[in-house]
Amino acid sequence: MTWSRPLAILFALSLAPAARAANEADYTAAYAAAEAASKEASGLRNQWTVTVSALAAAKKAADGGDFDGAVAAAKEAEALAKASIFQATSEKEAWKAMEIR
Amino acid sequence: MKGRIALLFGSVSVALVAFALTSARVIAADKVDPAADAKAFQNFFFQKFPEVKHEDFVNGPYSMNADMKRQWQEKEEFPPYEFALEAGKEMFATPFRNGKTYADCFPNGGIGIRQNYPYFDQKEGKVVTLELALNRCREANGEAPYSYVKDEMASLTAYMAFTSRGKPMDIEIPDDPRALAAFESGKRYFYTRRGQMNFSCASCHVESPGERIRAEILAPALGILNAMPIYRSEWSGMGTISRRFVTCNSQTRAVPLEPQADEYRDVEYFLSYVANGLPIAGPGARP
């Protein structure tokens, strides 16, 4: 047992970049992606209320200068919008399984 | 050799017959047949709840729970929709600024006709609901349309429903491919899951009538519109069919469509048609 291994790990960690705080450009990109997915869901007549709320939360956080929060909310909105698109697409056929015949 | 040929011929014949039978089934499954759908729909509920009288399904949760039914029957002595009914009667009789009234817009002066709505308008090629027809009547007579989700519309439809109480729902689907498409569209909307909760209308009102969702007892889909509009204690007021659809969508965390969107008109057409023969019971009261 030597000290070389723990020291090597500490050395490596010291070289690793610290998590970078999000900036306005990150937010703009994340919001644009979320908004595009949300518009696609709307076009399918299957928008979710939670997507709209997450988009609003992203905008509010960005307006307050909290770009970390804004990016997180925008990414959540994008994920929700994509889930609603998946639902609308799969339900084009899946609804028939529920039908009373 | 002859045996092999006979075997091959036999196999091909069996395959062809199987294919023909399967194709016929697929075609039959895709054909729009509202009468067969209505029969299957009603039978589903009649068999699921054999103890419920057929005409009682229109009373929603009260048909599913004896205690609630007793409470409701007591409440019916002084029904909470009475104010709306009186207001609706007065509104219906009050002339527009041009001197005409709602009676001029409807067959039989608008009395006892609720059971025929919605109908398929072959000129427009779309479903026309009673709420829509009322607003079109207003606009044709130079009046501003009412909100589809507020009290005025609920009061008017409450009065019109009351004049049809006890009459069997009687929705027609004309021999028009557009009418069949509207019925099919309504059916699809009814069974399609939506919102973050991944619920369809059928999730609650076909799979779970009589079950509780939080404090409420779910109504069966059969006859669910026959008692509309309704006074809901939860809303502390009256609600139209439009309001009911919008609220259901919101509860599944789906963004509601605009009132009287084609999809809502079509689902009203579907739900009303499959309730043909059951009595009009509106206006109703619900918890």
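Where is the place of F41(B) in chain B? F41(B) sits in helix 2 of chain B. Helices here are DSSP runs of H or I with at least four residues, strands are runs of E with at least two, and both are numbered from the N terminus.

Some housekeeping. This is a predicted model, where local features need pLDDT of at least 70, side-chain atom pairs count only at pLDDT 80 or more, and totals for chains, interfaces and linings use all residues. Residues are numbered from 1 along each chain as its sequence is written, while chains are lettered from A and ligands numbered from 1 in the order in which they are written.

Back to F41(B). Why does F41(B) count as buried? Because F41(B) has 24 C-beta neighbours inside 10 Å. The cut-off for buried is 20 or more other C-beta atoms within 10 Å of the residue's own; 12 or fewer is exposed, in between is partly exposed, and C-beta atoms are placed from the backbone. Leaving out residues up to four places away in sequence, F41(B) touches I100(A), L222(B) and V274(B). Touching, or contact, means C-beta atoms, placed from the backbone, within 7 Å. M153(B) is 112 residues from F41(B) in sequence, and 30 Å from F41(B) in space, C-alpha to C-alpha.

Now chain B as a whole. Chain B holds 10 helices and seven strands. Of its 287 residues, 40% count as buried. Take the contacts in chain B between residues at least 6 apart in sequence: 73% of them join residues at least 24 apart.

Next, helix 10 of chain B, residues 262–273. The buried residues include Y264(B), V267(B), F270(B) and L271(B). Charged side chains are on that list too: R265(B), D266(B) and E268(B) are buried. By class, Asp, Glu, Lys and Arg are charged; Ala, Val, Leu, Ile, Met, Phe, Trp, Tyr, Cys and Pro are nonpolar; the others, Gly among them, are polar. And what covers helix 10? The cover includes helix 2 (34–48), strand 2 (126–128), helix 7 (177–191) and helix 9 (241–251) of chain B.

On to the cores. The largest nonpolar core has 62 residues, and A158(B), F270(B) and L271(B) have the most contacts inside it. Helix 6 of chain B, residues 151–162, gives the most to this core, with eight residues. Apart from it lies another core of 22 residues, with A30(A), A34(A), W48(A) and A81(A) among them. A nonpolar core is a set of buried Ala, Val, Leu, Ile, Met, Phe, Trp, Tyr and Cys residues joined through C-beta atoms within 7 Å. L271(B) touches F190(B), A221(B), I224(B) and L225(B), again not counting residues up to four places away in sequence.

How many residues does the contact take from each chain? The contact takes 14 from chain A and 20 from chain B. On the chain A side, helix 3 (49–63) and helix 4 (67–94) each supply at least two residues. Helix 3 of chain A gives the most to that side, with three. By class, that side has six nonpolar, four polar and four charged residues.

One sheet to show. It is an open sheet of three strands in chain B, order 6-5-7, with mixed pairing. Strand 6 (237–239) and strand 7 (284–286) are the edge strands, each pairing on one side only. Two strands pair if DSSP finds at least two bridges between them. Strand 5 (residues 230–232) runs parallel to strand 7, joined by three bridges. R232(B) has R286(B) as its bridge partner in strand 7.

Last, the backbone. The peptide bond from Y117(B) to P118(B) is cis, with omega near 5 degrees. P118(B) lies in the loop between helix 4 (82–93) and strand 1 (119–121) of chain B. M228(B) to P229(B) is also a cis peptide bond, with omega near -5 degrees. P229(B) lies in the loop between strand 4 (216–217) and strand 5 of chain B. Q260(B) is not glycine, yet its phi is positive, near 65 degrees. Q260(B) falls in the loop between helix 9 and helix 10 of chain B, and counts as buried, with 20 C-beta neighbours inside 10 Å.

How values were computed. Two residues are in contact if their C-beta atoms, placed from the backbone, lie within 7 Å.
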